[in-house]
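Please take a look at the model below, with its sequence alongside. We will walk through it together, from the overall layout down to single residues.

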Amino acid sequence: MTAMKTRTVDCDVAIIGAGIAGCASAQSAAEAGAEVVVVERAGNITAHGLDVGAIGSKLQKAAGVEIDPLDAARLIYAWGQSKANYDLIRVYTDRSGKVMDHYIDLAEKYGLKVTLNDSMTARPDWNELEDRFRMFRTAHNFAPADKPAVVEDKAAIRHFVRMLRRDAEAHGARFLFRCTPEKLTKLDGRITGLTAVTAEGEKLRIRARRGVILATGGITDNKELLEKYCPEALRADKNEYYPKGGNDGSGLMLAKAVGAAWTRSGAVPVIHPVNFTPLGLGIQTSWLTVNREGRRFSCEMGFEPIVTNARLNAPGNVAWAVFDANYAKNVKKQEPHKAAYLLPGLEEKMEAAVAAGEYLRADTLEELAEKIGVPPKALEETVKRYNGWCRAGEDKDFGVPKRFLSSVTKAPFYAGKVSAWLLNVGYGVHVNADSQVLTESDEPIGGLFAVGNMQGDFFANSYPVTCPGSNHGRAVLFGHLVGGALAKGKTLSGKEA
Ligand SMILES: Cc1cc2nc3c(=O)[nH]c(=O)nc-3n(C[C@H](O)[C@H](O)[C@H](O)COP(=O)(O)OP(=O)(O)OC[C@H]3O[C@@H](n4cnc5c(N)ncnc54)[C@H](O)[C@@H]3O)c2cc1C
């Protein structure tokens, strides 16, 4: 058998990974005139989720949504307890609006309608709450102009990512699917391309005149790395939306082999109480929540990841939301702006959910406690104390704001399990504010950039839902800025790449 020859592929910019970050980089670099090659190990592009965050877009301006970029930056930074790179965050808060405008225009060309997301995880009026729960209207949705925007389509982002790919290809970008990188090529301290192998076993020597962008996503699928850097992710529930197989951390290994340091900000688990039952426990609405001992143990705001973090550390890794016959009234009180979407048919949906065993119902708290397997006396005491805070309008235990305190007084009583769905775990390489990949001694590696979940140091500890959609938002923003700048051989602040 004769060994296959190595084929040389020349381009200006090589991108590894065709998720939202890689596709944004490809679109931008190709649009800026670069010859682009995207190397993707899977057979297609990757897209999951709903929305893309941005601050200061023309859509927000038209809707009268004003967000002070400094406020947003302060809150994102505070969320990570000062472990992230503030300058990176400022790129997002200061430049994402303009970049979003670019994609709003492109969407029109591709028949997509852009709206501001006000449902699911987005809460249009939470900007009025205290800092720790404040949420801005940053989430943008892209959907076919003739289709409803959000809730009905739980993978709506695919329309946006497909648009990026189509436009990149329209500008000449080449996507090499089922193509696996072997190593990055380094010459005189600079990254000059990579070697890869196709599904047919053909070896490729990809020469990238300007540089390489790493966009291989996080470490969600690598158990060893999760055990080391994000053990709580292993206590989360996996779910039908959990993408399997794409995020094994192999991009980190490619980077490490050429001297890159890994993030200094830790892993960023995105673990939401995703719940598509009538009340969307913990994602749409907030209720008294107890652990298996029947005791309250966290601030029950539907503000990821407060309840999920607490559940992962609860005995037995289980938690129950408890509410009463007044649930519809309480939904309206908690979320007046989302009532039009949450309330229609709620009672019928609840009946169906009880019949399906998604919620448990009982005429007394004692009976409910037995059904969910918690000590009845403890549950009764917990409910009594919680109802006291509801009457006082102040939760001195955990600080749930008055509007969300929903007393448990009127039979029948209900309980539902709080889920903690692992969506993904971001964990990338150490970068500077230009998203250049750095060594352990903070020196940029020439010609090497990281975007999306491969970009470390943007978030720290956890995903800041204070700016919904910022996961996709920063992937798109840095993909766009880095791709466009690298097409000209520059970093996004104008230095030589
Ligand atoms: C169900 C779900 C819902 C979500 N909802 C939202 C939301 O509404 N808003 C939001 O902001 N975020 C959301 N997220 C998070 C968001 O989807 C991710 O943060 C985002 O996908 C990260 O994009 P990425 O391009 O960095 O990585 P990915 O989308 O993971 O793409 C990485 C790509 O690289 C490829 N790859 C990996 N390793 C290699 C390799 N060695 N060589 C070649 N290719 C490789 C993979 O196959 C993949 O195609 C959601 C996530 C999930 C799972």
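What domains does the domain assignment of the chain give? There are two entries: domain 1 is made of residues 6-268 + 425-486, and domain 2 of residues 275-418. Please keep in mind as you read that this is a predicted model. Taken over C-alpha atoms, the centres of domain 1 and domain 2 are separated by 35 Å. Their contact draws 13 residues from domain 1 and eleven residues from domain 2. On the side of domain 1 that touches domain 2, six residues are nonpolar, three are polar and four are charged.

Next, the ligand. Around the ligand there are 38 residues, and those that come nearest are Gly17, Gly19, Gly49, Gly217 and Gly452. Two or more residues of this shell are given by each of H1, strand E7 (179-187), helix H7 (250-257), strand E15 (421-426) and helix H14 (470-486). By residue class, the shell around the ligand holds 15 nonpolar, 20 polar and three charged residues.

Helix H1 also takes part in a helix pair. Two packed helices are described by the angle between their axes and the distance between the axes. For helix H1 (residues 20-31) and helix H5 (residues 157-170), the angle is about 35 degrees and the axes lie 8 Å apart. The crossing of H1 and H5 is left-handed. From H1, the residues Ile20, Cys23, Ala24, Ala26, Gln27 and Ala30 meet Ile157, Val161, Leu164, Arg165, Asp167 and Ala168 of H5. Sorted by class, the residues of this contact are nine nonpolar, one polar and two charged.

Ile45 sits in the loop between strand E2 (36-39) and strand E3 (52-53). Setting aside its neighbours within four places in sequence, Ile45 is in contact with Ala18, Cys23, Val161 and Arg165; Cys23 belongs to the H1 side of the helix contact, while Val161 and Arg165 belong to the H5 side. Is Ile45 buried or exposed? Ile45 is buried, because 21 other C-beta atoms lie within 10 Å.

Finally, some backbone details. Most residues other than glycine have a negative phi, and most peptide bonds are trans. The table gathers the places that depart from this.

| Site | Backbone feature | Value |
|---|---|---|
| Glu304 and Pro305 | cis peptide bond | omega about 0 degrees |
| Ala411 to Pro412 | cis peptide bond | omega near 0 degrees |
| Gln81 | positive phi | phi near 50 degrees |
| Asn461 | positive phi | phi about 70 degrees |

Where do these sites lie? Pro305 is in the loop between strand E11 (288-290) and helix H8 (306-312), and Pro412 is in the loop between helix H13 (376-392) and strand E14 (413-417). Gln81 belongs to the loop between helix H3 (69-79) and helix H4 (86-109), and Asn461 to the loop between strand E17 (444-450) and H14. Gln81 counts as exposed, because it has 12 C-beta neighbours inside 10 Å. Asn461 has 17 other C-beta atoms within 10 Å and is therefore partly exposed.

Note on methods. Residues are numbered from 1 along each chain as its sequence is written. This is a predicted model: local features need pLDDT of at least 70, side-chain atom pairs count only at pLDDT 80 or more; totals for chains, interfaces and linings use all residues. Axes are lines fitted to C-alpha atoms, for helices over the stretch in contact, and angles run from 0 to 180 degrees between N-to-C directions. Helices (H or I, at least four residues) and strands (E, at least two) are DSSP runs, numbered from the N terminus. A crossing is left-handed if the near helix is turned anticlockwise from the far one by less than a right angle, and right-handed if clockwise. Two residues are in contact if their C-beta atoms, placed from the backbone, lie within 7 Å. Ala, Val, Leu, Ile, Met, Phe, Trp, Tyr, Cys and Pro count as nonpolar, Asp, Glu, Lys and Arg as charged, and the others, Gly among them, as polar. A residue is near a molecule or strand if its C-beta atom, placed from the backbone, lies within 6 Å of it. Domain bounds come from an automatic or database domain assignment. A residue is buried if 20 or more other C-beta atoms lie within 10 Å of its own, exposed if 12 or fewer, and partly exposed in between; C-beta atoms are placed from the backbone.
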